[in-house]
Amino acid sequence: MSTQIETKETEDEEIEEQSPGERRREIKRQRAENRAKRVEAELDEAEQTRRLKVFRYDPEVEGKEEPRFDDFIVPFHKGMTILDALIYARDHYDSSLTFRHSCRQAVCGSDALFINGKQRLGCKTQVGDLEDPIRIEPLPHQDVVKDLVVDMEHFYDQMHAVEPFFDPDETPDGELEEQRQTPENREYVKMATRCIWCGACMSSCNIAAGDNEYLGPAAINKAYRFAMDEREGENRKQERLRIIEQEHGVWRCQTQFSCTEVCPKDIPLTEHIQELKREAVKNNLKFW
Amino acid sequence: MYEHDVIVVGAGGAGLRAAIAAHEEGADVALVTKLHPVRSHTGAAEGGINAALHEEDSWDLHAYDTMKGADYLSDAPAVDTFAQEAPDEVIQLEHWGMPFSREEDGKVSQRPFGGLSFPRTTYAGAETGHHLLHTMYEQVVKRGIEVYDEWYVTNLAVTDHDDPEDRECHGCVAHDIKSGEIAGFHANNGVILATGGLGQVFDHTTNAVANTGDGQAMAYRAGVPIEDMEFVQFHPTTLPSTGVLISEGVRGEGGILYNDEEERLMFEYGYANNDGELASRDVVSRAELTEVNEGRGIEDEYVHLDMRHLGEERILDRLENILHLAEDFEGVDGLDEPMPVKPGQHYEMGGIETDENGETCINGLYAAGECACVSMHGANRLGGNALPELLVFGARAGRDAAGKDLGDAQIPTGPSAESEDGDVDTPVSPGALDSTDGDAVADGGAMADPETVIEDAVAREQERIETLLERDGVNHAEVRDDIQETMTANVNVFREEDNLKQALEDIRKAREQYKHVGVSDPSRTFNTDLIHTIETRNIIDLAEAITLGALAREEFRGAHWRKKHQERKDDEWLKHTMLQWNDGDVNLYYKPVMLEGFDQTYEPKERSY
């Protein structure tokens, strides 16, 4: 039998036997049956199951153009994360279920989601800690591309707006000579350097929701990371303070602490914003 | 069609470093990457960056440690280049603002690491990779380098000459994940593959879900030899339930491994009487699995890594991230109890054959970082050597591709470097199913002008993707599961001939199954079903390559252990295993290891720790 990819001719020729297309469908049917049995057995075997209610939307697929929620029942085991549960649902029920994920260990920042009404990383949220059913939605206040995937462009634009790069006045000339930084100063900026750009903070912020130009907690924190680093050049620091104290900068923050509350890396974002406000005042910069 | 001087595929550490270097040489550079750069798996590297910075240290000691760690399967010109240039790269990172951990005098801290004769590992807490990745991405932003993020490169645009050494790479084909657009990318000067690891070939891995070996598989199918694929590093300390990595830094700071009888196993059973827990990774992984196999494992699965005696202050200062990982992913408080650990796939030493300038045998095609094999890690990579490697060879590839003259490379590439024909007895034939197998793409495209080569490649990818989308077939996840299962069962830390042959049979079956896969999501928008289906084909080719290499190499060297061949055989095996794909047929050959370095000729010695 030909092993070529399905074409009209081969289908016609092999009409008496089984065409490759038929064979493929037959294999698929068998596989699907086996999979259904396996899922059933796994659900039977599991002492507990959980119900996920997952937001679904696809602008170009019939039946998904109108947002809806799909239910998935998954077998529960101790240690299971929301990401594990979503992967189970995708691989066992519906391969079109779409979400970003990569590292599975809370460092790539791909899977910030709105889970039972709060921004959290799917990979570091334990299913066992949540009430059933578990509602999983894309991050609020961002355009949804499909299912749980949101458009991150605006978030990236705001991050880039604070000129997020190190730019010292001068670097040492000596061979293999580093800039000195005290362990205390390194400690001072440490939390700020932990940001993984997941966007949870921005999504939780009421101000950002109402003011699209607001830099937002992550970008301001990025500015803080450099402005408070003793290696940063004085000119650059002034420039940076000018950026964050403009109309849509630090003064917009009303210290609601929602960003701090949702940050998966425990960065004290609100404190950092407050500190930059003080820094701006200290530098006697003109308010807008 | 998009056009740039240099196209860098992948935007982790190697890709970012290459892009910055090419940009500094004046090239118009673009990064094309299936993940936004800050999502790359370089960000998960924890431990550190080795570089001989201290005045009492020297690059040749670092080179020697690297060669010894590699069990003498590295090429000396690569190792020496690496060790010489690593210090400059680390200082460069510092000048770019990397938040290194510091000493009281403000200098960059360095700590001991496995297999090193001097404490030369620089680090930034236990999240070194995160800081390295973000620091370099910041520099990419500063330079305004163009980034096509969430564009998945699915194939290379290479000419169709018979001999791969005559072929030329003109660009690549990429799929815009968000819109579904398939477009050609024309590279005037060169394409640099920097796609990272292939951990998804195995089911227990520290690697990200995105680490599917795309670069290795694309280069392989374009005719570039892949080298020493059997050398897969299994990291000794990964969390049992997820594969999340617990940094070697824990042992570097003094963490201890215990078996279920609370014996300090590394010394109690003589696995490494001098270095104990800080022996090379392959040594520690085998020790742990031996304990488990001999009934001294905990729950017959893992051993304990204890750091409680270091004290809360030191742990919080240097290893805080480890506490979060153990808590979030295993539910264990590392301050209160020992952490469960077992070996997990971590790093592929082998990869795309390149010379020390990062170039492959195909003109205009480069590779750097984990997807490449220059070769400097040989049979086993030392902890803390991956990050400096991607800096040194990422930068070199970027410069060379941008047209800077780095001098003639000493390391030969391409099938003409063959010293010996390979022969391996396989139960099923490897490679494409047959010449009509639609998934066995011809190696090269056409012998025409660059635009035509790229347009042809785009047309082929469009056809392939349409077929996958329209075909009503099985879900790729089942094929991928079969591969991961057989690789973990049969091509793991301990390898036996029968198991390796079993794996080859299973891989063949998976290849046949793959002919029947279809994508059930009909959408052009963010179709991850499609992306994963394409990745699965790469996983199949690389699983086969790893297994073929493992079956061919009848000796024990570094990370590669064979039950019936438990000794290193220098007379016979001081050579690289090379696999080359000829329009679907796999050609196995060998090329000799180069032990003559800049200042010294490395003499293989017994490797003991």
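Q: How do strand β1 and β9 of chain B pair, parallel or antiparallel?
A: In this predicted model, β1(B), residues 2–9, runs parallel to β9(B), and 7 bridges link the pair.

Q: Which residue of β9(B) is the bridge partner of Y2(B)?
A: F185(B) is the partner of Y2(B).

Q: What joins β8(B) to β9(B)?
A: There are 5 bridges between β9(B) and β8(B), residues 169–176, and these two strands run antiparallel. One bridge puts V173(B) of chain B with G184(B) in β9(B).

Q: How many residues sit between β8(B) and β9(B) in the hairpin?
A: The hairpin has 5 residues between its strands. In the turn, G180(B) has a positive phi of about 85 degrees.

Q: And how does β16(B) run with β9(B), parallel or antiparallel?
A: Parallel, with 3 bridges between β9(B) and β16(B), residues 365–367. V191(B) has L365(B) in β16(B) as its bridge partner.

Q: Why is β9(B) called largely enclosed?
A: Of its 12 residues, 182–193, 10 are buried, so the rest of the structure largely encloses β9(B).

Q: Switching to helices: at what angle do α1(B) and α11(B) cross?
A: Their axes cross at roughly 40 degrees and come within 7 Å of each other. Helix α1(B) covers residues 13–24 and helix α11(B) covers residues 386–401. The two helices are therefore oblique to each other, and the crossing is right-handed.

Q: Which residues make the contact?
A: From α1(B) they are G13(B), A14(B), R17(B), A18(B), A21(B) and A22(B). From α11(B) they are L390(B), L391(B), G394(B), A395(B), G398(B) and R399(B).

Q: How many of the contact residues are nonpolar, polar and charged?
A: The contact of α1(B) with α11(B) has 7 nonpolar, 3 polar and 2 charged residues.

Q: Now chain A. In what order do the strands of the open sheet come?
A: The order is β2-β1-β5-β3-β4 in chain A, which makes 5 strands with mixed pairing. From one strand to the next the twist averages 35 degrees.

Q: Which helix packs on that sheet?
A: Helix α3(A), residues 82–92, does, and it touches β1, β2, β3 and β5 of chain A. Its direction makes about 105 degrees with that of β2(A).

Q: Inside the sheet, how do β3(A) and β5(A) run, parallel or antiparallel?
A: Antiparallel, joined by 2 bridges. F114(A) stands opposite E137(A) of β5(A).

Conventions:
Residues numbered from 1 in each chain as written. Chains lettered and ligands numbered in written order. Predicted model: local features only at pLDDT ≥ 70, side-chain atom pairs only at ≥ 80, totals over all residues. Heavy atoms only, no water. Pairing = 2+ DSSP bridges. Helix = DSSP H or I, 4+ residues; strand = E, 2+ residues; numbered from the N terminus. Axes fitted to C-alpha atoms, helices over the stretch in contact; angles between N-to-C directions. Contact = heavy atoms within 4.5 Å. Parallel < 35°, antiparallel > 145°, perpendicular 65-115°, else oblique. Left-handed = near helix turned anticlockwise from the far one by under 90°. Nonpolar A, V, L, I, M, F, W, Y, C, P; charged D, E, K, R; others polar. Buried < 20%, exposed > 50% of the residue type's maximum accessible area, 1.4 Å probe, protein only.
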